Amino acid sequence: MKHLHPLMLRVTGRILQMLLHAYPAAFRLRCGTAMLDLYRERFSEAVHGTGVLAGAALFVRTAVNFVWTGAVERMAGMPKLSVARPASVGAVLGDVARGVRFALKEIKSAPVLMAAALLSLTLGIGATTAVFGLVHAVLLNPLPFDEEDSLVRIYQIPHDRPIRISLIPLTYVEIERQQTVFSSLVAHRFSDAALLREDGIAERVVAISVSRDWLETLRVDPLLGRGFTPDETDAGADASVAVISHRLWQREFGGDRGVVGRQVTINQDSKTIVGVMPPRYNYPYHADVWLPMRVDPVGRGTWGLNVQGRLAPGVSLTQAEAELEVIGTRLAAEHPARHRGATLTPIPLRETLLEGDDRLVVALFGAVMFVLLIVCANLANLFLARGIDRHRQFAMRAALGASRVRLLRENFSENLTIALLGGLGGFAVATWAARFLVTLVPDALSYVVPDVSLDRTAFFFSALLATSCALIFGILPSWRTSDANPATVLQAGTRSIAGTRTWSADALVVCEIALAFALLAGAGLMVQNFRALNGLEPGYETPNLWLVTTAIDRPDYVESARRIHYVSEVEAAVRALPEVERVGTTSMFPWDRANTLARIEVEGRDFDPDERLLVNHRSVTPGFLETAAIPLLLGRHLNSSDRTDGNPVVVVSESTARFLWPNEDPIGKRVRNTRSTGDSGAWKTIVGVVADVREYDTHPMTWYVPYEQTANAPTAANLVIAVRVRGEVNAARLSGAVSSVDPTLAIREVLPATLLHAEAFAGERFTTGLLSVFSLGGLIMAAIGVYGVLAYYVSRRVREIGVRLALGARPNIILREVLLHGITLVVLGLGAGLLGSQVATRLVGSAIPELGRLNISAVIVAASILGLVAVVASYVPAQRAMRADPMEVLRAD
């Protein structure tokens with residue numbers, strides 16, 4: 001992806017700049033800048049020539065080369081360890097083979113220890129690879145369109161409110177007429193439809209009406225048949241043709257390849273199937289059926305159009321933005337009521353599908369990388385301890401003429417063998433985890449991520465992770481082990497050697513604790529944010545409230561009287577159920593991702609012409625506000641007297657009243673809608689004020705108009721029947737009561753309001769849950785690291801402790817010293833982690849502003865948990881030291 005190139009170049013460049021420290025200072029000053037410049041040049045050539053994966057491969061090769069040649073350059077300046085002439089290929093392969101054999105021998109000789117190491121690597125690499133699969137699917141997997149980078153969706157964005165509004169037909173037609181930056185445009189319109197199955201039952205399907213140039217703009221070819229001809233789109237619904245999805249073709253027609261030309265009944269109209277779309281294509285809104293549409297700029301309708309455009313060759317997004325801004329300014333002058341105070345904006349199609357959830361996925365990837373780094377730090381400590389035990393062996397080989405490069409090569413081969421075994425196990429774990437992960441993906445991502453499949457890219461990533469882990473956890477132990485002055489080592493005892501190495505293990509534990517603390521603090525911030533969101537009062541009572549959604553968007557329900565009669569009959573049928581207390585209907589329920597807005601004007605008030613007074617538009621029947629239990633603050637609710645032939649009235653939300661009349665009584669004031677919603681812009685008298693409710697886009701300004709007075713509006717075709725019940729309820733009975741009025745209308749869904757409220761935070765729940773799991777894993781790994789280093793610390797001091805106890809030292813002093821050592825590591829780690837978490841929080845906060853700042857409670861909780869676990873991990877080795885028998889220790893020595 002072209003837009004990833006600058007970010008990848010910047011990040012990989014900084015990593016290589018740090019790796020330059022593998023070289024001596026003089027070498028860095030002489031050659032460092034030129035090496036980085038050459039890398040940047042070759043990286044750009046690789047990405048532009050072959051793609052992002054070629055750039056990633058170049059980075060890996062360069063990083064390994066920096067580490068390897070840096071080690072050689074450093075050794076070149078050490079007289080006692082001069083580098084021999086370059087070894088032959090056979091010699092190198094022999095060293096590698098010896099390293100592999102020794103690694104397998106180590107696994108056999110210490111099965112429990114090596115099993116723990118392999119298990120840690122397997123879980124760490126597996127989790128990271130699984131999340132990488134999700135990141136790859138979200139950011140890099142191609143959408144089912146050719147050249148998706150040139151596809152944009154066009155929105156109208158108000159100046160005073162950062163929301164995206166779909167276009168009305170007039171706007172679409174004018175853009176199509178005036179634009180020069182798009183090679184083609186297409187408009188989609190969503191609707192629920194009823195598909196009549198062979199058994200006579202109406203099934204709800206998602207029907208998408210499309211304008212001209214549908215497949216030409218998106219560049220998708222049908223699997224079978226064809227798309228729509230220009231004559232069919234000009235005829236619109238009268239064309240009586242349809243294209244069906246691959247899913248519907250398989251479900252209803254058994255995958256019959258002779259389906260083209262067959263008839264299907266949609267909304268009681270017979271349609272001829274002219275095409276079947278390919279498997280992954282169900283854009284937009286997980287469509288089942290596509291129908292031709294003629295866009296009439298002067299016809300009835302405020303319904304929004306989902307408009308996509310394909311940028312013409314050579315046209316950039318910036319150029320498209322500039323031209324749409326000019327067109328928007330022109331439309332604002334010609335049609336101020338509909339276009340003033342807003343900007344026409346093109347947004348890349350992938351970005352509109354992700355809805356910001358890509359940021360949460362990237363945050364998850366960062367968290368799981370933290371866990372993997374903690375695993376590597378643990379393994380580095382393990383291999384450091386093993387290296388100390390082998391120090392005399394390496395010193396002996398160095399004394400016999402083995403070069404340091406050869407020793408490093410063998411050591412790295414051992415580490416790489418173990419890491420690759422962990423990588424293979426990790427890929428197997430990731431394959432299982434990916435299948436589980438896709439079940440947790442929120443609906444907002446389900447179109448971009450139909451599945452999380454681990455292909456060869458994920459396999460190579462897993463191998464790259466294993467190699468990187470071998471470098472990370474093996475470089476320090478290998479370097480310290482091979483840094484052997486034979487004379488010194490052979491004259492010293494093992495304990496003397498070990499004493500010079502404890503700082504390395506301590507430093508690694510401090511890093512582990514710092515990483516775990518940052519991870520815990522980040523998880524705490526996410527949990528805090530999720531609890532705050534989940535704890536928000538929706539403004540209505542969700543318990544015992546059920547919602548039944550349907551639509552009457554078809555030709556036989558165009559007339560207001562027919563719609564009003566249908567809604568009345570449905571409410572009567574539902575009210576007749578014994579478990580039902582109240583029932584009411586609205587055109588849209590709070591927390592629906594879609595929305596309908598009205599632009600209002602206040603009688604006797606002048607506002608800035610560019611200020612768009614937008615409110616959420618809801619057509620409701622008498623009883624809806626009472627059924628939803630939205631508190632009445634002033635005046636009255638809507639009632640049965642608010643009919644078609646009555647005075648136009650409206651109930652407004654508290655925020656609306658406060659904004660429009662901050663120090664006045666709003667009852668009796670008049671407002672009207674300057675956008676057509678079927679009420680002809682009539683002045684409406686405010687008869688009541690109700691409490692605010694939470695909406696999906698968080699905008700609380702809402703008005704509620706009587707359904708009968710706006711029944712002819714296109715938005716009134718969407719119906720949500722709210723039902724307040726007593727105790728348990730059978731969803732099938734509710735659905736059956738609604739269907740009994742007109743069985744040919746499909747029911748979209750029947751669900752409790754509590755579930756709708758919970759689904760609004762699906763993305764946050766997904767991220768918070770996984771981040772909490774990763775944090776728990778990091779915490780466990782950090783505890784193991786503290787325990788391991790202190791156990792090692794005690795084991796290497798056992799002779800000293802035995803002598804001190806024999807000379808009369810009190811055991812509690814020994815206990816205090818060991819605990820103090822552990823607590824010192826914890827305090828240093830927490831201090832470093834606090835600084836790191838502040839930096840990480842700022843970085844994540846810049847990408848996810850709604851997360852807020854890390855507060856003191858999250859810091860205290862994270863520090864307390866980690867501190868407690870670390871102290872417990874320190875106590876066990878300390879107790880072992882305190883129980884040491886002096887005579888046994890001295891006899892063993």
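Buried here means under 20% relative accessible area, exposed over 50%, and partly exposed in between (1.4 Å probe, protein chains only). Helices (H or I, at least four residues) and strands (E, at least two) are DSSP runs, numbered from the N terminus. This is a predicted model: local features need pLDDT of at least 70, side-chain atom pairs count only at pLDDT 80 or more, and totals for chains, interfaces and linings use all residues. Residues are numbered from 1 along each chain as its sequence is written, and side-chain values use heavy atoms, with hydrogens and water left out.

Start with α6 (residues 169-178), a mostly covered helix in which 7 of 10 residues are buried. Among them are Leu170, Tyr172 and Ile175.

In α9 (residues 246-253), the buried residues are His246, Leu248, Trp249 and Phe253. They lie on the same side of α9 because they cover an arc of only 160 degrees around the axis (taken from the directions from the helix axis to the C-beta atoms). These residues pack against β2, β4, β5, β6, β7 and β8, where contact means heavy atoms within 4.5 Å. Just after α9, Gly254 has a positive phi of about 60 degrees.

Two residues can be set side by side:

| Residue | Relative accessibility | Class |
|---|---|---|
| Thr128 | 0% | buried |
| Phe459 | 37% | partly exposed |

Thr128 belongs to α5 (residues 111-139). Leaving aside residues up to four places away in sequence, Thr128 touches Phe365, Val368, Met369, Leu372, Phe461 and Leu465. Phe459, for its part, sits in helix α17.
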